[in-house]
Amino acid sequence: MMSWWRILFLTLLFDHGEFILAQIKYTIQEEAKTGSMIGNVAKDLGLDVSTLISRRFRIVSGPHGALFEVKPDSGALYVHNRIDRELLCDRNPVCLIDLKIVLENPLEVHYVTMEITDANDHIPSFAEKEKILEMAELTMPGARFQLPGARDPDLGINSVKHYKLSQNDHFHLEIRDRGEDKIPFLVLQRQLDREQRTNHSLILTAMDGGTPSKSANLNLTVRVLDINDNRPVFAQEVYSVTLQENTKVDTIIIKVQATDLDDGSNGEVEYVFGGENNFNILQLFSLDSKRGEIRVKGNIDYEVTSVYKLDVKASDKGQPPMSSDCRVIIDIQDVNDNEPEIEVTSLSSTVPEDSKPGSVIAIISVRDSDSGLNGKVLCQLSDNVPFELKPSFKENMYSLVTKGTLDREIVSLYNISIRAIDYGEPPHSTVKTLSIQVSDVNDNSPEFSKNPLELYLMENNPPGASIFSVSAYDKDLNDNAVVSYSLLRRDGGHNNMASFLNIHAENGQISALKSFDFETLKTFQFHVVATDSGTPSLSSNVTVNMFILDQNDNPPVILYPVSSNGSAEGVEEIPRNVNAGHLVTKVRAYDADIGYNGWLLFSLQEVTDHSLFGLDRYTGQIRTLRSFTETDEAEHKLVILVKDNGNVSLSATATVIVKLVEPKEAFAASDVKSAMRDDENSDVTFYLMISLGSISVLFLISIIILIAMQCSKSTDYTSKYLQETNYDGTLCHSIQYRSGDKRYMLVGPRMSIGSTIVPGSNANTLVLPDRRRGSDEVRVYTFCFQYVVCI
C-alpha cells in the first residue's frame, strides 16, 4: 500500500478519563484509487475494535471530510472520493488535511493529519500554441529573447524541469532560474541574413521530471526583419512591491519604465503583460501601455494568493520592433478582514443537575483564515455561568466543562455565549450561543407548607368520611415531583390512633375509620409521610395534632335524689313551723359534656303551690318562700327539670315529695333520716370522689399534652388558676393558658364580662379579649373545655 503512518503526539488524558485526544499522520499520494485503504486508525490508536460501533466511531464532517471514510466495524480508513492535490492546496509545497475522528461514551477526539503528496498527473502546457518572434537581421550573436515558459500544476520533481530546442544552426537555448521558475531564452549564436532565409521554424519542448516524463511543445517562428538595432531597456530586471489586500480598485501599484536609444518610432516604447501570465492575474491587474503603470483591477485577497509574479514586456515601434522584459513581484500583505469561525461539537443538549465540576459538555474549535496576529484567536465565555473553557494541547481547541454546582430549581436553561476575538487591528469577533438544558434529578424532598398541622374535628363524625386533607409540594419535575401520601404508624401511646385513620395516597385526603368520642379521647397526634416517585425516592413528615371538639351528646344525670329502684325521686320531710328561706333539699346533677354543653340549669317544671317553694336556677337548691299555714297541704310534689345549655338542649327530671310534719315528728324523723343519710352520703361521697378523681386525672393529662405540644412552637404562654369567689356548692374552677398564637380557657358556669359565644361553636368556643395586645389586633379564637359537677 502507498500509505504510511506514525504517531506524532503521545495520547493525553483529560478530565479524569472524560475524553482522550491523540494525533496520527498518514501520507497518501493524490489520485489514489477510490476505496484504497490508507491505514487502520483504530489499530494505530490502540482502540478496542469491538466497541467502535457502540461508541459511534466516525469522522466529524469538515471541509474535506467527504474525501475519506472510516469503517465503523473495523476502524480502517479508506479513500472515499478523488483526491486532487492541486485543487486542495494549489501551489503550496506541503499539503496537509486535518480529519477529526470522534468516539463517544466516553468522549474521545483524535486528529488524523493526511499529507497529500504530489503525483505527476498534469502535462506541462504553454499558454499559446505558437509564438512568433521578430528579429532584425543585424541582431548581433549572443542576443537573448525570452520565450514563454510552460506551466505545470504539479510540484517539485513533477513540475517543469527541462526545456529542449529543436536542432538548428542559428539558435540555442539558455535556461535561467528566477526563484522557483525556470525561464527559457532563445540565444542567437549566428547572425541572421534575411536575404538567405526570412523565417526560421523551431520547436520548444518543455519536460517535467516525473517518471515517465511528460512534455509539451511550442511552435516558434522567427521572422527576420530589417534594421532596428536598439531595444528598450528596463531600469531593473526585477521589481518588488508590497500591497495590502483589499486595496481599492484603480490604485497604482508600481510604475515600470524602459528606455530605447533609438529615435522616432524605433525609440517609442509600449508596455504589455507577458504571455506567460495566467488569466487570473489579468483579471486582478491592469497595465497602462503608455506610462507603464500597473493598477489594481480586481479584489486582492491574501487568503487566495500571497504573492503575484507579473511579466512585463516593453517593445519599441521600430521595424522590426525590439523588446525586452522584466518581472514585477507583488507581495500581498494580510489585513484583518476575516472573522473567527466557531465550531461546536456538542455531546448533549441536556446536562444533569448533579454533574460534577469538570464534566465535559462540548468540544469547541475556533479558526481564523487570516495570518499572523490577525489569525490568532482568543476564545471567551459569557460571565456568570457555571461553565468554563479549558484549552487543549492543540491550538484553538477548547473543552466546555462545568465549573460549579448546577441546580435546575434555580436555573433550568443556560444560553451560553461563546465569543472568539482575534488580535488584529481592529479586532474582529464572532459570537455563538449554545443552549444547555439542565435536566432534573431527585434532589428535593416534598415540603409541607406548615409543620405541625392542627385539625379540629367534631365528635361523633361519620365513619369513613373525609376529615382533612394534606398537601406537599416538590420542587423537582415529572416523576421526581409526583408525591404519594401515607400514615406513619407506631406502636404505643396515642400514636396507635393512626390505625383508625386512612389516607388517599394520591390526593392526601384523610378519612376516619371510626367515630370519635370527646368524652373518651380529646386529642391525639399522628404523622403523615409524603414520598416522591424519584429514584431513590425522598420523603418528609408532617405532624398532625388532632383535637376532638365536644358535641352536646350527653344528657344530664341526676345524682340526687335517687330512689332505691334507681329513679330520680325522693321524699323530704320538713317541720311545718320552718321559716321562709329554709333549705328543703338540693338537686344534684352531672353532665359529661363540657362548656355550655355541660352547664346545667335547674327549673321547676311542676309544683303544687308556687308560693311555697323556690328553686335556685344554678345550684338546684330548693328553699321555702314563706312560712307554712294551717291551710297548706301536708304533702307537696315538685318536679325539677335539669337541662344543659347546648344548641339543642338535653334534659332530665327529678321528683321531690315534700311532706310537712309536726315539729316533734320531724325531729324524730330527722334523727332517723340523718343516720340513714349519713350512711347514704358516705357511699355517694365515695363514688363522687372516685368520679371526680378520674375526671381530674384525664383533664390534667389532656392539658399537659396540649401544653407540651404547643410549647414546641413558642414559649409565649401564661397559666392562671381562677377560683370562683362566690362558691355556691358547685365544684367549679377556671383555668386559662396561652400556647403560641392561641389562648385556651376552661370556664365555669358563669362567663366573664366581655366574652362572647362564637356562632356554630356548640357553646364550646369563647372569644376572649387579650388585654395584653394592642386594640387594633384581631381577637384570638380559643378552644374551651369545662367539667361541671354539682354536689
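Predicted model: local features only at pLDDT ≥ 70, side-chain atom pairs only at ≥ 80, totals over all residues.
Student: Why is Lys317 called partly exposed?
Tutor: Its relative accessible area is 30%. Residues are numbered from 1 along each chain as its sequence is written, and side-chain values use heavy atoms, with hydrogens and water left out.

Student: What makes Lys317 and Glu270 a salt bridge?
Tutor: That term needs a side-chain nitrogen of Lys or Arg within 4 Å of a carboxyl oxygen of Asp or Glu. Here the N to O distance is 3.4 Å, so the pair passes. Lys317 sits in the loop between strand E24 (307–316) and strand E25 (323–333), while Glu270 belongs to strand E21 (residues 269–273), so the bridge ties together parts that are 47 residues apart in sequence. Those element names are DSSP runs numbered from the N terminus: helices (H or I, at least four residues) and strands (E, at least two).

Student: How many salt bridges are there?
Tutor: The structure holds 24. Another one of them joins Glu174 and Arg176, whose closest N and O atoms are 3.2 Å apart.

Student: How do you know whether Asp84 is buried or exposed?
Tutor: Its relative accessibility is 14%, so Asp84 counts as buried. You'll find it in the loop between strand E7 (76–79) and helix H2 (85–89).

Student: Which side chain makes a polar contact with the side chain of Asp84?
Tutor: The side chain of Arg82, at 3.4 Å. A polar contact is a pair of N or O atoms within 3.5 Å; within protein, one must be able to donate a hydrogen and the other to accept it, and residues adjacent in sequence count only if both atoms are side-chain atoms.

Student: What makes Cys89 and Cys95 a disulfide?
Tutor: The cut-off is a pair of cysteine sulfur atoms within 2.5 Å. These two are 1.9 Å apart, S to S, so they qualify. The structure holds one disulfide, and both Cys89 and Cys95 are buried.

Student: Why is that disulfide called right-handed?
Tutor: Because the torsion about the S-S bond of Cys89 and Cys95 is about 60 degrees.

Technical notes
Buried < 20%, exposed > 50% of the residue type's maximum accessible area, 1.4 Å probe, protein only.
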